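Student: Let's go through this model together. Can we set the terms before we look at the strands?
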Amino acid sequence: MNAVELQQVSKTFDGRSALNGVILSIEEGMRVVLSGPSGCGKTTLLRIVAGLEVPDAGTVHLMGRCVAQAHRNLIEPEERGIGLVFQDLALWPHMTVAQHLHFAIRYSHSAAGDAAQRAQRMLKLVQLDDCANLKPHALSGGQQQRLALARALAGEPRIVLMDEPLSNLDAELKAHLQTEILRLHALLGFTLLYVTHDREDAAVIGTRIVTMRAGTIAQ
Amino acid sequence: MILPRRLTLLAAVAIVIIAGLLPLVAMLSGSVTVDGAITLSVYRKVFAGPARYLSSVGHTLALAGLTALIALSLGLVLGVLLGKTDLPLRCAFAVLLAVPLFMPPYILAVSWSDLLARNGLLSSLLPEPVLRALSESLYGLPGCVSVMASALMPIVMIITMLSLRTLNPRLEEASRLSANWPGTLRHVTLPLAEPAIIFAALIVFLLAVGEVAVPMLLRYPVYPMATLVQFAAFYDFAAAAATAVPLLLLVALLVIVERRYLRDRTHRLLAATPGKTWLRVPLRGWRIPAVLITGVIAFAFVLLPMAALLHTSLNPTGYAEAWRRTADSLIRSALYAGVGATALTAVGFLCGYLIARRATRWWRAVDTLTLLLFTVPGTVMGVGLIALWNHSATGLLYASSAMIVLAYLAQYSALTTRISAAALGRVPTSLEDAAQLSGAPWFARLRYIVVPSALPSVVAAWIVAFIFCLRDVGASMLVYPAGAEPLPVRIFTLMANGSPSMISAACLELIAINLAMLAILAALLRMLARRR
């Protein structure tokens, strides 16, 4: 089954076309990298899959369910069971590491079981169990990236989206986190749609690389 | 689900419409309806001799124009000095110079009157002819302009400070590579802040246009008094409404002009992320002269009038009598202001959210509506509220203190809305998006993510709303329930027959509460900053 399927998806902002008839299918469990130059529509596509933007035309299917069509979200973002690592990480400054995960687990639809235990397990998985009571500003850059990753995975989503999560990191930390992402993917088996403009990053993460240009899929 | 969000935001906007817009519509409708028939007879009667209004209209425009001009000149200089330079004691000066904004302007008129009285603070310092000349000029245009400019100048000063601190420092750095600081200020910094500064001057003009209490005290007849006279002296409600309409049209016209030419530019500026590393202009050899100039303005505008109030109030019976005659109003005022501030904070936060997140297509209309209601003269709003609610079906509500809370909601939602919108503009939408993708419904996102992220501004909005509710005179003067007037109205009415020492003591009571609230705000904001 296709985890993500976009049919003729278009999106315009203030008369400027961001996506133009995009067709894309991603099989369940795959690691797909969306690559291309800045401004080619990668982030817009990701936000449409997440439900944070509504397409002007076309349909979006997730795990076989139609979740969006022209000018309308059929399923709101919070109901889609998707994890997203934001480019700016979007960590909540007033919450500790543990509170980030408790929050994500509390409202997740897919997962069941003891929230505290699950948060602890997730913290161990991303090696943040020593930092549970720290707030984001007290974490290093790599720890902040891992927290964003842990939060995206806390609800046990079947689809995880990552929007240039490793940009602005030094080479050593980037290599370390690439390994982490691959390890977590192997362990949890989610479908990964990963946006980057870094070719090396794309080569390491993706089992399939999709290139975008000027709002369309180039190859 | 998107429905709860939309319904909640709609409810907040509906409250603003019911509290503020419907009264104005009812007032307009009341002015063109006689015995159920639509007619302009009231207007014909009221404006039969337009010449009798010409002088008061001229006085109003002169007062508002000169007030705006002086407030703009002083507020701009002070805003730049306090918000952009390394002036010593700038925090203390900023707080001190903002104090007049947090009290009813008529208190400043009382204090200047005390200052220039025969036995006032200046009587032993100035020769008799000079004192007499100053005292005579207080009662007229110069006095009204001085009082209104000192009361409203902080608006220009604060907005200038805020706008200068929200500029992108990279733009100034780019200029500094080729120009010195005066050149950068002149060609880059001030032109970028210009829309916000013009907006501030416009607000001052509109607030001065609607002022009644100061001109009444200083015996300078202005047009808004006509509404009050028709209502309070002749009990002619339709005529009061008809005389209020030109003021409403003037305010609406200027708000439309603001929306047309400044709209996006001021909004973008005030909602921008404040640069943590805003650039500071070194004053170098100008530090001492700049401190002296700022000190002289603070002394003349704030310390001298306050000292005059204190001097007059120092009488064996002043405070005791003030307490005896105003204690009930004081408690009542605090209660009204508390309820009003809470309602304003909630409504303003939701309207601010709607504006900051462009949550509906008509966010711009909400922004314009709150601004319009803020600048509508209090007496006009009061007449509107009476027109809407003074009916047998709504008699219970009309006779209750809820009318005062409605008046606050009508007038001050712009303050809490703009504070919230600016704060929410600085909270990245991705924080909320992340919570949404975690599955959190809108109320949970609001409670756990949005409100905590903007908490200092929520606290600030509540306290600013409390202070403005506590200082309100115009609308509350017309709508308070019998025997339950708030403190500023009680003081104003006591002026007719109360002793100067008692009046001054009562004014100081009101100032003390406002200063205490400002101190609490500063402490809370410092505590919240430390917790982060």
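Tutor: Helices (H or I, at least four residues) and strands (E, at least two) are DSSP runs, numbered from the N terminus. Two strands pair if DSSP finds at least two bridges between them. This is a predicted model: local features need pLDDT of at least 70, side-chain atom pairs count only at pLDDT 80 or more, and totals for chains, interfaces and linings use all residues. Residues are numbered from 1 along each chain as its sequence is written, while chains are lettered from A and ligands numbered from 1 in the order in which they are written.

Student: OK, which residue in the hairpin of β1(A) and β2(A) takes a positive phi?
Tutor: D14(A), with phi near 50°. The hairpin has 2 residues between the strands.

Student: How many bridges join β1 and β2 of chain A, and in what sense?
Tutor: 8 bridges, antiparallel, between residues 2-13 and residues 16-27. Within that pairing, V9(A) has V22(A) as its bridge partner.

Student: New topic. What is the strand order in the open sheet of chain A?
Tutor: β7-β8-β9-β3-β10-β11, 6 strands with mixed pairing. The edge strands are β7 (82-85) and β11 (216-217), each pairing on one side only.

Student: And β8 with β9 in chain A, parallel or antiparallel?
Tutor: Parallel, over 5 bridges, with β8 at residues 159-163 and β9 at 191-195. L161(A) of that pairing faces L193(A) in β9(A).

Student: Now the contact. How many residues come from each chain?
Tutor: 21 from chain A and 20 from chain B, counting residues whose C-beta atoms, placed from the backbone, lie within 7 Å. On the chain B side, α20(B) gives the most, with 7 residues.

Terms used. Two residues are in contact if their C-beta atoms, placed from the backbone, lie within 7 Å.
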